[in-house]
Amino acid sequence: MHLIFSVENKWIYLSIDRAVARDTGFGAAGGVARDNEENWILGFTRFLGACSPFEAEVWGILNGILILLNKGYRHIMIFTDNLEVVQTLSDLNMEDSGISVLRRIQHTMKAEGVWKIKHIPRTRNSVANCLAKLSLTWKSSLQVFNEPPMDIIKLLQNDKANS
């Protein structure tokens, strides 16, 4: 998933993905914010505990939104490889949802800035996927990275070369 944010009307991309362990059901989310030239701005990981892939993905979106709003970004386009999440967050009647994190995302999206959501192929989401898997391994609460972890530098370089 990618999110695009804006500081002073400059769009920033944030890819978000999730990982859920089949044996334990534990989930994690990860995300990376980049500028329009694919340069790293920040990344994050968050271990979530027992959850579904859908729940892990939407928690990742909420975390990404809140981190970047805190940094002053106001325009966002969300890209995800999860079509169900795209369809759900695009639904204008989400206020009726029984899932509180979905209501919170929609409220935040309406109150703060300009937002869009689109589906992307899983192959375009490798950095966020790697961050989510790292979080699943580390089992740590929310971590924000100003510099990319060593484990994903090569993926970032490949993304930039192929963009």
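1. How many residues does helix α3 have, and how far does α3 reach from its first C-alpha to its last? Helix α3 (residues 100-111) has twelve residues and reaches 16 Å. That is close to the 16 Å expected at 1.5 Å a residue, the expected span being 1.5 Å times one less than the number of residues. Helices (H or I, at least four residues) and strands (E, at least two) are DSSP runs, numbered from the N terminus.

2. This is a predicted model, in which local features need pLDDT of at least 70 and side-chain atom pairs count only at pLDDT 80 or more, while totals for chains, interfaces and linings use all residues. Residues are numbered from 1 along each chain as its sequence is written, and side-chain values use heavy atoms, with hydrogens and water left out.

3. Buried in α3 are Val101, Leu102, Ile105, Gln106, Thr108 and Met109. They cover an arc of only 165° around the axis, which puts them on the same side of α3. Buried means under 20% relative accessible area, exposed over 50%, and partly exposed in between (1.4 Å probe, protein chains only). The face turned away from the buried side carries the exposed residues His107, Lys110 and Ala111.

4. The cover over the buried residues of α3 includes α1 (53-70), β5 (75-80), α2 (83-90) and β6 (114-119). After α3 comes Gly113, with a positive phi near 75°.

5. The structure holds two aromatic pairs. In one of them, the ring centres of Phe26 and Phe47 are 5.6 Å apart and the planes stand at 85°, so the pair is edge-to-face. Rings of Phe, Tyr and Trp (its six-membered ring) pair if their centres lie within 6.5 Å; planes under 30 degrees apart count as stacked, over 60 as edge-to-face and the rest as tilted.

Key
The arc is that of the directions from the helix axis to the C-beta atoms. Contact means heavy atoms within 4.5 Å.
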